[in-house]
Amino acid sequence: MNMPIQRPVTRRQRGQASRDGDGVDILRLHDFGGGLDPFLMLDELVASPGDDDIGGFPPHPHRGIQTLTYVVHGGLRHEDHLGHHSSIGAGGAQWMHTGHGIIHGETPFTDAEGLHAFQLWINLPARDKLSEPTYRDVRPDEMPRHRAPGVELIALGGTWRTSGGDTLGGPLDALAGQGAMAHLRLDAGASLSLENHATRLLAFVFDGSLTANGDTLARGELASFGPGDILTLHGIDKAQVLLLAGEPHQEPIAHHGPFVMNHTHELEQAMRDYRDGTLTHSPNEQGLANGQ
């Protein structure tokens, strides 16, 4: 019988301060060169309690990606050209499959703890970049949870397995690249071991500090893990972490602003479609061939 292999930390990345939209501070981690494939970017969104001047993100386009927005404190209102109008509060999530094109706007709001949220960009494979767009939101009570003394694991999407045999399937089961996302809370001194064989496994520490298979990770660090079977996380102090797992597409990535395609000519087409008002039309209406 083979012994389980602990997955080592192979890369560390720190976010860069940024500011998009109106009134929202952002810590941004990104790699459009394929280093996080199938993931592209993770934004941490923060605003102070009682901040009523948040303008948010006015209507803007996307093509070629999925976005997953998760709220820890505060909330977000979503509107798009498909007619979706939705608000989520603390613990809720919004998932958007942009496909061939979607135009949406997001307005954050604060609660007594302010605003603390995350938006993840997931790349779509070439075969799906011109697919039909769609949207859904998920409420906190739809997300399965694993609880143990000092531990809470919340599964947003994909499948997560503890080494003790508990399996959680998050409600967002159509994430590109067989994607999975979970939120882990650890008290100081508490530990959780996960069985995970995904090619891409990432952990972003957004509160406190912890060890991951013996390597110390501090607040603001995104860690990538190498091959293996087991990830053991231990709280040095009270800590929170986002966990991401998926399978790389291993395809070319061409990126410009809100558009992510495979080749430059596809980006140029997306920009023409947006200027011409045809971005949200189906490929047949646009006269485009899927994957070209």
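Begin by selecting aspartate 207, which stands opposite glutamine 240 in strand 24. The model is predicted, so that local features need pLDDT of at least 70 and side-chain atom pairs count only at pLDDT 80 or more, while totals for chains, interfaces and linings use all residues. Residues are numbered from 1 along each chain as its sequence is written, and side-chain values use heavy atoms, with hydrogens and water left out.

Strands here are DSSP runs (E, at least two residues), numbered from the N terminus; two of them pair if DSSP finds at least two bridges between them. Strand 19 and strand 24 run antiparallel and are joined by seven bridges. Arginine 200 can be selected next, opposite glycine 246 in strand 24.

Return to strand 24 and colour it by accessibility. Eight of its eight residues are buried (under 20% relative accessible area, with a 1.4 Å probe and protein chains only). Ala239, Val241, Leu243 and Ala245 point one way, whereas Gln240, Leu242, Leu244 and Gly246 point the other way.

Next, select the largest nonpolar core, where Trp160, Leu184, Leu210, Phe225 and Leu243 touch the most other members among 28 residues. Strands supplying at least two residues each include strand 14 (151-157), strand 17 (180-186) and strand 24 (239-246). A second, separate core of 27 residues includes Tyr70, Leu172, Phe204 and Leu244. Such a core is a set of buried Ala, Val, Leu, Ile, Met, Phe, Trp, Tyr and Cys residues joined through side-chain atoms within 4.5 Å.

Finish at the aromatic pairs, of which the structure holds three (ring centres of Phe, Tyr or Trp, its six-membered ring, within 6.5 Å; planes under 30 degrees apart are stacked, over 60 edge-to-face, the rest tilted). Phenylalanine 118 and phenylalanine 204 pair edge-to-face, at 6.1 Å centre to centre and 75° between the planes. Phenylalanine 118 lies in strand 11 (residues 115-123) and phenylalanine 204 in strand 19, so the pair ties together parts 86 residues apart in sequence. Both phenylalanines are buried, and Phe118, Phe204 and Phe206 form one aromatic cluster.

Technical notes: Buried < 20%, exposed > 50% of the residue type's maximum accessible area, 1.4 Å probe, protein only. Helix = DSSP H or I, 4+ residues; strand = E, 2+ residues; numbered from the N terminus.
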